[in-house]
Amino acid sequence: MSKRTARAGEQAARAGEQATSIRYRMMDLAAQMDGVISLGRGDPDLDTPQEILDLVPPRAEYSAPRSPVQGLPELRRAVTHRYAEEQLLDLDPERCCLITNGAQEALFLAMLALVDPGDKVVTHDPRYSSYDQAVGAAGGTLITIPTLPEHDFRLQPEAVREHAKGAKLLVFVNPNNPTSAHVEPDGVKAIAEVARDMDMLVVYDEIYGDFVYDGVAFQSMAACPLMQEWTVTIGGFSKAYAMTGFRVGYLIGEPPFIQAATALKAAISGPCPKFSQQAALAAMDVRPDPRPRFREIYDGRRKRMMAGLDAMGARYGHPGGGLFVWADLSSFGMETEEFCYRLLEETGVLIFPGASFGEQWRSWVRISLLAPDDRIDEALARMERFVGGLA
């Protein structure tokens, strides 16, 4: 690895670490306070449905033999069957699916398997900082593609074409974190055409794909014409089933990629815990499917949050999916890192400043929808009083 390549990787990783540290500093401060309403982290506040827990086998079934590194065959079959039903994808569970310790591990395994030192990786801006760290860990160079308020922060095909010249890989999170922008099916297909034209692989992170609003369908990149062999899909159970603590994610891709990622996983962490995989399998078996109910809950919170921000006169990108609202607070006269710290210290409401998702987003904040209706209403009331005091 050249010194220049090493520096590029280190800079990408350092940028991600600095962004992450802002969020953790704020969470540490909030943990020392009473009565905080946390609208910061992206972990679902809903409980794992009891119907799922009731289907998990007794503990005696978790004794040897342990799971294969690639994951329990029955869970891989269930995951690939879900894609066949919902996205019409024909996937071989034995060769095209790897179960991981959450989507975070899936992301790092994907970067380590696909990115060589010096490779260019493009992704949208703003972005979740783990992508900086994962690209940096692989020695790659991260290039960002601007997304704009006038497009509600949806990634645009022409912007990909302009900024991705020479890139090996596009990382595309849809719906997005932090903006909750959702690129609709036609837009996903248009970006797929650009990726094919540019001979570029796509890592498509659809961890929020079960939470799309406004009656719009969700489109997997791998299900676009001719894209299955050009796409690596990241998914998981943490958001869709409120199972963050179980740490179950997955990768879907072509057999050579899955083989390489499995070899890395064997060296790094071994198999995902058998208990967690059994819980994930139970989640896919439970009826009625809890995902529509969760989506309805989050949609109600989304509408509440938008109404509250409208009342305050705050601009935001339309949250077409996901679990956040990305809001512009520049009209209140201060950079949002200061705004967020003062809001937390003076009112006990935790939200995250935009700079933790990209250095230039200093007038924006990410607000999560992960609190009950009454707590969201109280948080909005506290924010409105705080903003009123700034006038």
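Reader: How many cavities of 30 Å³ or more does a search of the whole structure find?

Author: The search finds 2. This is a predicted model: local features need pLDDT of at least 70, side-chain atom pairs count only at pLDDT 80 or more, and totals for chains, interfaces and linings use all residues. Residues are numbered from 1 along each chain as its sequence is written, and side-chain values use heavy atoms, with hydrogens and water left out.

Reader: How much space lies in the largest cavity?

Author: About 60 Å³. Volume here means the space filled by probe spheres set on the points, with grid points joined across faces, edges and corners.

Reader: What lines the largest cavity?

Author: The lining has 13 residues. H124, F153, L155, V173 and N176 lie nearest the centre. A lining residue has an atom within 4 Å of a point, so each of these residues meets that cut-off.

Reader: Which residues line the second largest cavity?

Author: They are L91, A222, Q228, T231, T233, I252, G253 and E254. About 30 Å³ of space lies in this cavity.

Reader: What makes a pocket?

Author: A pocket is an open set with protein on both sides within 12 Å along at least five of seven lines. The largest pocket has a volume of about 570 Å³. Of its 28 lining residues, D43, Q104, Y128, S130 and K239 are the closest to the centre.

Reader: Which helix gives the most to the lining of the second largest pocket?

Author: α3 does, with 5 residues. α3 (73-87), β7 (231-236) and α10 (291-312) each supply at least two residues of that lining. Helices (H or I, at least four residues) and strands (E, at least two) are DSSP runs, numbered from the N terminus.

Reader: What is the volume of the second largest pocket?

Author: About 430 Å³. Of the 24 residues that line this pocket, the closest to its centre are E86, G209, D210, F218 and R291.

Key
1 Å grid on protein atoms, 1.4 Å probe; cavity = no way out; pocket = protein on both sides within 12 Å on 5 of 7 lines; lining within 4 Å.
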